[in-house]
Amino acid sequence: MEVVKNLDVEKYMGRWYEIASFPSRNQPKDGVNTRATYTLNQDGTVHVLNETWSGGKRGSIEGTAYKVDPKSDEAKLKVKFYIPPFLPIIPIVGDYWVLYIDDDYQYALIGQPSKKYLWILCRQPHLDEEIYNQLVEKAKEVGYDVSKLHKTPQADPPPDGEDAPKDDTKGIWWIKSILGK
């Protein structure tokens with residue numbers, strides 16, 4: 001599977017809204033306003049903050065992304081999170097491959113080699129339907145079963161993470177999602 005070459009990591013930093021994704025057991029089934037914020041660390045790794053709202057409350061998990069091969073020009077990264085969120089002791093590492101990004105770094109298609117996960121991301125909470133369809137087509141061309149794509153509801157304007165009620169269950173949603181709830 002081909003990936004983006006010579007990704008400008010600094011330009012990629014910032015907030016990305018999840019427009020659509022394959023459902024994941026690592027996210028609440030009723031999650032809305034899902035987004036990721038990337039910040040470049042001094043050592044060249046990337047701090048990852050994933051947020052989603054479920055039942056009106058903000059849940060989040062933080063991790064670190066890094067290039068699989070620092071000498072390669074390919075946008076193949078690994079992302080490491082520690083789970084469960086309420087007692088982060090177990091490292092979970094996943095692939096994060098940038099399959100496509102527009103020239104202005106406004107929307108992106110993210111996948112991984114097993115094709116179990118797929119994300120369509122955008123700098124804004126909404127993406128033009130024509131562009132969305134083009135990204136879906138690109139995913140189909142590299143072998144993804146795009147019938148599994150689920151559009152993520154996004155509020156307009158998006159919620160402010162700092163003012164939102166926190167998930168006071170300390171990530172119990174994570175256990176529920178593992179159990180299929």
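## Proline 157 and its cis bond

Proline 157 lies in the loop between strand S9 (150-151) and helix H3 (172-178); helices (H or I, at least four residues) and strands (E, at least two) are DSSP runs, numbered from the N terminus. The peptide bond that leads from aspartate 156 into proline 157 is cis, with omega near 5°.

This is a predicted model, where local features need pLDDT of at least 70 and side-chain atom pairs count only at pLDDT 80 or more, while totals for chains, interfaces and linings use all residues. Residues are numbered from 1 along each chain as its sequence is written, and side-chain values use heavy atoms, with hydrogens and water left out.

## Two asparagines with positive phi

Most residues other than glycine have a negative phi, and most peptide bonds are trans. Asparagine 6, in the segment before helix H1 (9-12), has a positive phi of about 55°. Asparagine 33, found in strand S2, has a positive phi near 55°.

Which of these asparagines is buried, and which is exposed? Asparagine 6 is exposed, at 59% relative accessible area, and asparagine 33 is buried, at 9%. Here buried means under 20% relative accessible area, exposed over 50%, and partly exposed in between (1.4 Å probe, protein chains only).

## Two nonpolar cores

A nonpolar core is a set of buried Ala, Val, Leu, Ile, Met, Phe, Trp, Tyr and Cys residues joined through side-chain atoms within 4.5 Å. The largest one here has 23 residues, and the members touching the most others are Leu7, Tyr12, Tyr38, Tyr96, Val98 and Ile101. At least two core residues come from each of S2 (32-40), S3 (46-54), S4 (57-67), S5 (76-83), S6 (90-101) and S7 (107-111). S5 gives the largest share, four residues.

Not counting residues up to four places away in sequence, leucine 7 touches Tyr12, Asp73, Ala75, Val98, Ile101 and Tyr105; contact means heavy atoms within 4.5 Å. There is also a second, separate core of 20 residues, including Ile19, Trp97, Ile131 and Tyr144.

## The loop between S5 and S6

Phenylalanine 86 and proline 88 both sit in the loop between S5 and S6. Phenylalanine 86 is partly exposed, with a relative accessible area of 35%. Leaving aside neighbours within four places in sequence, proline 88 is in contact with Tyr82 and Ile83. Proline 88 and isoleucine 61 are 27 residues apart in sequence and 9.5 Å apart in space, C-alpha to C-alpha.
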